[in-house]
Amino acid sequence: EFPSQSYTEPQSSEQLCRHAQLLAAGHDQPLTQLGVVRHVYSHFRVDVSAFYLQADAAVAERFSACRWLTKAELADWPLHGSHKKIVETLLKQGEK
């Protein structure tokens with residue numbers, strides 16, 4: 001998800017990755033794919049392609065209005081099911 005962003009047409013993973021890099025001020029570091037997280041709601045299913053980008057101080061400053069969390073804080077943050085699955089995948093990635 002991109003805060004304050006909406007799309008009227010479906011976007012490919014590649015388009016969304018490039019958009020994330022542009023939001024991060026043209027950050028040159030590639031996004032790392034975490035995988036696809038599947039989540040089922042009561043009446044529909046979503047498959048979420050999850051990626052992460054290691055942000056540096058310049059990116060953090062650009063998004064200074066956002067709240068930044070450590071991995072430990074993120075693990076304890078109240079999130080709904082699909083986001084929790086993404087965080088679990090991210091934390092497992094860090095263990096490798």
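Accessible areas here come from the Shrake-Rupley method with a 1.4 Å probe, and for residues only the protein chains shown count as cover. This is a predicted model, in which local features need pLDDT of at least 70, side-chain atom pairs count only at pLDDT 80 or more, and totals for chains, interfaces and linings use all residues. Residues are numbered from 1 along each chain as its sequence is written, and side-chain values use heavy atoms, with hydrogens and water left out.

Q: What is the accessible surface of the chain, and what share belongs to carbon and sulfur atoms?
A: The surface comes to about 7,300 Å², and carbon and sulfur atoms hold 53% of that.

Q: Why is valine 48 called partly exposed?
A: Buried means under 20% relative accessible area, exposed over 50%, and partly exposed in between (1.4 Å probe, protein chains only). Valine 48 has a relative accessible area of 27%, so valine 48 counts as partly exposed.

Q: Where is valine 48 found, and which residues is valine 48 in contact with, leaving aside neighbours within four places in sequence?
A: Valine 48 is found in strand β2 (residues 45-52); a strand is a DSSP run of E, at least two residues, and a helix is a run of H or I, at least four, numbered from the N terminus. Contact means heavy atoms within 4.5 Å, and with those neighbours set aside valine 48 is in contact with Gly35, Val36, Val37 and Ile86.

Q: What makes up the largest nonpolar core?
A: A nonpolar core is a set of buried Ala, Val, Leu, Ile, Met, Phe, Trp, Tyr and Cys residues joined through side-chain atoms within 4.5 Å. The largest has five residues: Leu34, Val37, Ala50, Ile86 and Leu90. Of this core, β1 (32-40) and α4 (81-95) each supply at least two residues.
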